Amino acid sequence: MSAALVLPFTQPLLAQQSGTIVYEVTAKTDPERMRGFQRGGGDGDEAPQIPDVITFKQTLTFNNGHAKLATERPDFGNGGGRGGWGGRARRDTANAPAQGQGQGPGQRRMGPGMGMMGRGNAQYFDLANKKILHVFSTFGDDRKTYYAEEDFIVAADTKASDKTKKIAGYTCKKATIKLKDDTYTVWYTTELPFSFSPINGLLPEANAVVLVAEGGRRAFNATSVTLQPVTDTDLTIPAGAEKISQEQMRDIRQQEMEKLRKRQPQM
């Protein structure tokens with residue numbers, strides 16, 4: 001039996017709704033791997049302490065079938081700073097929880113929050129057609145922007161529950177979902193006019209919005225859901241972005257990361 005089911009493309013167009021969902025995200029770290037992202041190469045007493053768990057916020061802004069998931073800098077408990085974690089660590093930790101949406105740090109499957117993001121630290125969605133839009137821009141003077149599409153996936157290995165509770169003002173149902181090598185407790189609502197999960201593959205139903213997803217290594221908890229007009233008009237991918245396949249996107253990302261590694265001074 002297939003591990004996941006791709007949503008059909010016959011979903012109705014969304015109602016004219018706009019607003020935001022704010023998630024508090026916690027993720028366990030891999031200290032050995034994260035030392036590779038340390039700036040300054042300090043060791044001994046000079047090396048920053050690596051926390052066991054990082055916390056940060058993700059905000060989904062949606063309007064008229066388009067959405068953007070923005071990730072804030074994680075809280076490493078030491079303020080980052082020069083020679084510390086700062087933005088270099090964010091590239092890893094902000095990508096690990098979200099975004100292969102369902103994959104752990106270092107795994108390659110793309111999803112919201114995974115890989116290097118376009119337009120800073122945002123990930124884009126076509127809610128009307130239930131697609132993730134992965135955006136990536138190359139570096140240097142010959143900068144180019146690409147995007148690849150990935151379908152929202154409904155989880156196949158789901159155990160439903162009759163338990164319900166209110167989260168951020170919405171009635172939510174409980175489900176337990178096994179995804180790859182982790183098991184998540186998920187709370188989701190069907191009272192919003194679109195589908196979304198902060199981890200692709202954790203949708204218990206085709207028309208669900210996941211407000212809580214708690215696994216063994218990471219957790220997403222919606223602290224607020226606000227339906228209101230949004231002033232952010234930057235909810236779509238950059239004009240002129242070239243559409244490519246997911247395989248091509250992975251190749252381009254790897255090539256660009258290799259270029260960056262070659263530019264870095266050897267310690």
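Analyst: Strand β4 (residues 66-71) pairs with β3 in the antiparallel sense over six bridges; strands here are DSSP runs (E, at least two residues) and helices are likewise DSSP runs (H or I, at least four), numbered from the N terminus, while two strands pair if DSSP finds at least two bridges between them. This is a predicted model, in which local features need pLDDT of at least 70 and side-chain atom pairs count only at pLDDT 80 or more, whereas totals for chains, interfaces and linings use all residues. Residues are numbered from 1 along each chain as its sequence is written, and side-chain values use heavy atoms, with hydrogens and water left out.

β3 and β4 form a hairpin with two residues between them, and N64 in the turn has a positive phi of about 55°. The bridge partner of N63 in β4 is H66.

β3 (residues 53-63) also pairs with strand β2 (residues 18-28), again in the antiparallel sense, over 11 bridges. Here I21 stands opposite L60 in β3. Leaving aside residues up to four places away in sequence, T20 touches T59, L60, T61 and F62, along with S224, V225 and T226, a contact being heavy atoms within 4.5 Å.

F125 leads on to strand β6, where its bridge partner is I132. Strand β5 (residues 122-126) and β6 pair in the antiparallel sense over three bridges, and in their hairpin, which has four residues between the strands, K130 takes a positive phi near 55°. Seven of the seven residues of β6 (residues 131-137) are buried: K131, L133, V135 and S137 point one way, and I132, H134 and F136 the other. In a regular strand the side chains alternate between the two faces of the sheet. β6 is also joined to strand β7 (residues 145-151) by seven antiparallel bridges, and H134 has A148 in β7 as its bridge partner.

As to confidence, the protein averages a pLDDT of 77, with 69% of the residues scoring at least 70; pLDDT is the predictor's confidence in each residue, from 0 to 100. Confidence is highest in strand β12 (residues 209-214), at a mean of 98, and lowest in helix α2 (residues 86-93), at 34. Over residues 78-120 the pLDDT is below 50, although the model has 151 contacts for this stretch beyond near neighbours in sequence. It also stays under 50 over residues 7-16, which have 19 contacts beyond four places in sequence. Where pLDDT is low, the predicted coordinates should not be read in detail.

Note on methods. Buried < 20%, exposed > 50% of the residue type's maximum accessible area, 1.4 Å probe, protein only.
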